[in-house]
Amino acid sequence: MLSKVFATIAVVITGGLLLYGVYDFPSFGDPNSPPNAGVEGGGESVSQYFITNTYKDTKVPNMVTAVLADYRGYDTMFETVVVFAAGVAIFCIMRVVGNANDPRKKEEEESVHSFTYGDHNRIIIGTTCRVIIPVIQLFGLYVIAHGHYSPGGGFQGGVLLGSSFILLALSSDLNSALKRFSEYNYFKLAAVGILIYAGFGLASQFLGENFLDYGVLQPLLFTDGPEMARSHSMLGVEIGVAFTVMAIMFSIYANLASHGTLKDGL
Amino acid sequence: MIFAFDFIILIFMVVAAIISLNIKDLLSASMIFGIYGFLICLLWAEMGAVDVAFTEAAVGAGVSTVLLIATVYNTKRKSSD
């Protein structure tokens, strides 16, 4: 009881401080705020630079993707590494290899046969999911491929692709999903995704520019100019991000749902 | 920004947050937490941050709810301690 009182007091104080801090923020869309107008005596502000020069530099209409994958590409690379590390951490904590003295083993063997093909709920859900999974995957591919023209990109598309496999595991069972996307394959795919991203960086370094400075990749990608090279490299980088996110989302689900045994899931 | 729309979403968000904290059943709590994520997604879409809203809809409202439910499925009704 006492701990609840202390917790409430701590929450109220923290919330009050946060609300007090909000007063110092510039109001929404204020043209005179520091990020929009630049610092006094300094040069052009950062957002002004992105708004005027993104399309000129990269030929990418979606500014968010351009900032994410090109101007701040180093951040995004390590965001992808963080996703990978999360998947590996869950693997290390949850995964049980060989369940000789697992107390849950008997319990599991009983529950494996609890759903049979005569179950009407399974027929309705299974058929619906079989129809809807290809649509989700197509939409995921569209989101990745159009990441620099419309909202979306590697993270969102990767999550959509991963959730289509999760839906397959939910509608039938974990084994049929793992048959299509096995543990060996998804960790390999996750590592390949990061290697694609880092490969774009290293390739531009070998051609004599900075890490992840895509403009110099023009002769490798056969494009008209360095702008289009940057645009195409962004697509490649997004594909790498999508690989990692898709694989890790499914691996986290598979480990959590089956208690790390990868046998009988939800 | 449309004030009335913002106001309704924020009220629903607070209600969803309080319910998901107080409810006893873990499955219902994770479902309502998914609703909370979707309301945040609506708020961001309304403020013009469509990319962030898309991520929140896919990750916050979609996958994380599934992961929470997968975890709840592996818990027991009574604590074994």
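Guide: Let's start with salt bridges: a salt bridge is a side-chain nitrogen of Lys or Arg within 4 Å of a carboxyl oxygen of Asp or Glu. Before we use that, note that this is a predicted model, where local features need pLDDT of at least 70, side-chain atom pairs count only at pLDDT 80 or more, and totals for chains, interfaces and linings use all residues. Residues are numbered from 1 along each chain as its sequence is written, chains are lettered from A and ligands numbered from 1 in the order in which they are written, and side-chain values use heavy atoms, with hydrogens and water left out.

Visitor: How many salt bridges does the rule give over all chains?

Guide: The count comes to 2. One joins Asp70(A) to Arg230(A), with the closest N and O atoms 2.8 Å apart. That pair links distant parts of the chain, since Asp70(A) sits in helix 4 of chain A and Arg230(A) in helix 12, 160 residues apart. Helices here are DSSP runs (H or I, at least four residues), strands are runs too (E, at least two), and both are numbered from the N terminus.

Visitor: Are Asp70(A) and Arg230(A) buried or exposed?

Guide: Buried means under 20% relative accessible area, exposed over 50%, and partly exposed in between (1.4 Å probe, protein chains only). Both Asp70(A) and Arg230(A) are buried.

Visitor: And which residue forms a salt bridge with Arg95(A)?

Guide: Glu183(A) does, and the closest N and O atoms are 2.9 Å apart. Arg95(A) is in the loop between helix 5 (73-94) and helix 6 (105-112), while Glu183(A) is in helix 10 (residues 183-206), 88 residues apart. Arg95(A) has 22% relative accessibility, so it counts as partly exposed.

Visitor: What does chain A look like overall?

Guide: Chain A has 12 helices and 0 strands. Of its 266 residues, 38% count as buried. For contacts, think of heavy atoms within 4.5 Å. In chain A, residues 24 or more positions apart account for 62% of the contacts with a separation of 6 or more.

Visitor: Which loop holds Phe222(A)?

Guide: Phe222(A) lies between helix 11 (218-221) and helix 12 (226-257) of chain A. Its phi is positive, about 55 degrees, although it is not a glycine. Phe222(A) counts as exposed because its relative accessibility is 74%. Lys59(A) also has a positive phi, near 60 degrees, and is in the loop between helix 3 (46-58) and helix 4 (63-71).

Visitor: How do I read the contact between the two chains?

Guide: Look at buried area, the accessible area (1.4 Å probe) that two parts lose on being put together, summed over both. Chain B and chain A bury about 1700 Å² between them, 76% of it on carbon and sulfur atoms. In chain B, Asp51(B), Phe54(B) and Asn74(B) lose the most area to chain A, together 34% of what that side buries. The contact takes 15 residues from chain B and 24 residues from chain A.

Visitor: How many salt bridges cross that interface?

Guide: The rule finds 0 there.

Visitor: What about Asp6(B)?

Guide: Asp6(B) is in helix 1 (residues 3-22) of chain B. For charge, Lys and Arg count as positive and Asp and Glu as negative; His and the chain ends are not counted. Asp6(B) is buried yet has no salt bridge, and the nearest side chain of opposite charge, Arg72(A), is 27 Å away.
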